[in-house]
Amino acid sequence: MNENLKMIGMLTLFCGLCGFLLAGARTLTRECIEDQFLRYVEGPAIKKVLEETTNDPVSDRMQIQDSTGGATLFLGKRGDSLVSIACGSKAAGFGGDICIIVGYNIAMDTITGMAVTSCSETPGIGLRITEEAFTGLFKGKSVNDIMKIRADGGVIDGISGATVSSRGACAAVISNLLRYQERKQRVLKGK
Amino acid sequence: MMDLRIREFTKGLWKEIPPFRLVLGLCPALAVTKSADGGLGMGIAVTFVLLCSNVLVSLLRNVIPKKVRIASYIAIVATYVVLVEMITQAYFFPLYQKLGIFIPLIVVNCIILGRAEAFASKNPVLPSALDGLGMGIGYTLSLTVLASIREILGSGTWFGMQVMGSSYQPFSFLVEAPGAFVCLGLILGIMNSLGKR
């Protein structure tokens with residue numbers, strides 16, 4: 001009995017200490033990791049969804065407060081005039097959250113592009129939502145279109161065999177769209 | 001005494017060099033050696049974990065109850081691996097993207113648990129540190145050599161630099177998964193025939 005208690009105690013102590021150490025390391029590196037993520041993953045994705053801009057949307061970003069709390073908007077400009085905005089959102093997929101970036105043309109109220117920044121979908125099946133063949137489907141669609149897969153009565157061709165992932169990606173786009181008008185107004189007012 | 005110390009260190013470099021002599025830790029050796037920088041990066045990550053875990057296991061060898069030692073070693077190794085993952089993510093992001101899932105998988109790399117169980121749990125701190133460092137450097141060398149052969153012949157580059165002339169037709173079989181097995185097998189064969197003499 002005494003031996004058992006000792007084993008349990010030691011293991012608990014070890015795991016506790018390890019967890020404590022890792023939590024500390026996480027706090028120290030979090031900011032740096034976010035920076036790197038912005039530079040290597042989100043940056044290229046933002047440039048892709050906001051085509052034909054002359055500025056660097058990553059450095060021209062602004063924080064706004066909306067009904068859901070804070071959000072970061074990336075502004076695409078041509079010359080001095082604001083033409084497009086991009087923002088991120090996420091929804092549950094098959095293997096975890098699907099994080100995406102959606103770009104909007106604010107004059108036409110259309111989607112200029114969509115890109116997946118991180119997800120843990122099954123390679124070869126759900127991971128196909130990251131491919132141009134799927135993300136390209138959102139391009140040029142109006143913000144008033146129903147961004148659901150055709151099986152659910154929407155305008156997007158889902159990937160066969162990856163319905164859950166396709167639905168997840170669509171749900172992320174819908175949650176992004178819901179806040180688009182409000183965010184657009186705030187950006188225009190802020191100018 | 002000094003001789004013994006040196007032997008603890010150098011055995012990992014040739015006599016028991018992983019993975020060619022000590023055929024352990026093959027999964028990353030096959031998976032990340034498509035390019036020389038991937039092999040080198042993986043080797044350095046493993047060296048760090050191996051050195052730190054050997055030192056800590058050796059320090060705690062009289063404290064850890066025998067029956068739960070494996071679980072304790074895994075907790076220690078996993079902590080260091082997550083630390084490495086955070087560091088590569090924070091400071092070497094392109095490397096992190098390249099190695100991806102294979103960084104967390106260092107936890108289950110047999111070399112690390114193998115050295116903890118076979119060496120560090122029975123020896124004082126300094127020999128354990130030397131053992132870990134030697135094994136780690138040996139592993140790094142092996143991976144870099146394997147990756148260099150595959151990258152140079154398979155894509156005509158080395159650390160991303162063009163080394164073969166533009167007329168060279170890359171032997172792309174070598175950068176595919178089966179090429180890793182063939183390449184590793186050939187090196188193992190060469191090492192064995194060298195060792196027999």
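Strand 2 of chain A and strand 3 of chain A run antiparallel and are held together by six bridges. This is a predicted model, and that pair is a handy way into the sheet of chain A, an open one with five strands in the order 1-2-3-4-5 and antiparallel pairing. Over in chain B, the talking points are the annotated transmembrane stretches, a mostly covered helix 3 and a cis peptide bond between two prolines.

**The sheet of chain A, strand by strand**

- Let's take the edges of this five-stranded open sheet: strand 1 (61-66) and strand 5 of chain A each have a single partner strand, so one side of each is left without a neighbour in the sheet.
- Neighbouring strands of this sheet are turned by 30° against each other on average, if you ignore direction.
- Strand 1 and strand 2 of chain A run antiparallel with six bridges between them, and A:Asp66 sits opposite A:Gly69 in strand 2.
- That pair makes a hairpin, with two residues between the strands.
- Strand 3 (residues 81-92) and strand 4 of chain A pair in the antiparallel sense over nine bridges, with A:Lys90 standing opposite A:Cys99 in strand 4.
- Strand 4 (residues 97-105) and strand 5 (residues 110-118) of chain A are antiparallel too, with seven bridges; here A:Tyr104 has A:Ile111 in strand 5 as its bridge partner.
- For background, strands of a sheet pair through backbone hydrogen bonds, either parallel or antiparallel.

**Helices on the sheet**

- Back to the strand 3 and strand 4 pairing of chain A, with its nine bridges: helix 1 (residues 2-49) of chain A packs on this sheet and touches strand 2 (69-78), strand 3, strand 4 and strand 5.
- The direction of helix 1 makes about 160° with that of strand 5 of chain A.
- Helix 4 (residues 180-190) of chain A packs on the sheet as well, touching strand 1, strand 2, strand 3 and strand 4, and its direction makes about 120° with that of strand 1 of chain A.

**The annotated threonine**

- The unreviewed UniProt entry annotates A:Thr163 as "modified residue: FMN phosphoryl threonine".
- In the model, A:Thr163 is found in helix 3 (residues 163-178) of chain A.
- A:Thr163 counts as partly exposed because it has 15 C-beta neighbours inside 10 Å.

- A:Asp109 has a phi near 55°, a positive value in a residue other than glycine.
- You'll find A:Asp109 in the loop between strand 4 and strand 5 of chain A, in the turn of a hairpin with four residues between the strands.
- With 13 C-beta neighbours inside 10 Å, A:Asp109 counts as partly exposed.
- B:Phe159 has a phi near 50°, again a positive value in a residue other than glycine.
- B:Phe159 belongs to the loop between strand 1 (157-158) and strand 2 (161-162) of chain B, and its 13 C-beta neighbours inside 10 Å make it partly exposed.
- A cis peptide bond joins B:Pro18 and B:Pro19, with omega at about -5°; B:Pro19 is in the loop between helix 1 (2-15) and helix 2 (26-31) of chain B.

**Chain B helices and annotated spans**

- According to the unreviewed UniProt entry, "transmembrane region" covers residues 45-64, 71-93, 99-120, 132-153 and 173-194 of chain B.
- Residues 45-64 of chain B are 75% helix and 0% strand, with end C-alpha atoms 26 Å apart.
- Residues 173-194 of chain B come out at 82% helix and 0% strand, and the end C-alpha atoms there are 27 Å apart.
- Helix 3 (residues 36-59) of chain B has 24 residues and should span 34 Å at 1.5 Å a residue; its end C-alpha atoms are 35 Å apart, which agrees.
- Helix 3 of chain B is mostly covered, with 19 of its 24 residues buried.

**Where the chains meet**

- The contact takes 16 residues from chain A and 17 residues from chain B.
- On the side of chain A that touches chain B there are 12 nonpolar, two polar and two charged residues.

How values were computed
Residues numbered from 1 in each chain as written. Chains lettered and ligands numbered in written order. Predicted model: local features only at pLDDT ≥ 70, side-chain atom pairs only at ≥ 80, totals over all residues. UniProt positions renumbered as here; feature names shortened; annotations may be inferred. Pairing = 2+ DSSP bridges. Expected span 1.5 Å × (residues − 1). Buried ≥ 20, exposed ≤ 12 C-beta atoms within 10 Å, placed from the backbone. Contact = placed C-beta atoms within 7 Å. Nonpolar A, V, L, I, M, F, W, Y, C, P; charged D, E, K, R; others polar. Axes fitted to C-alpha atoms, helices over the stretch in contact; angles between N-to-C directions.
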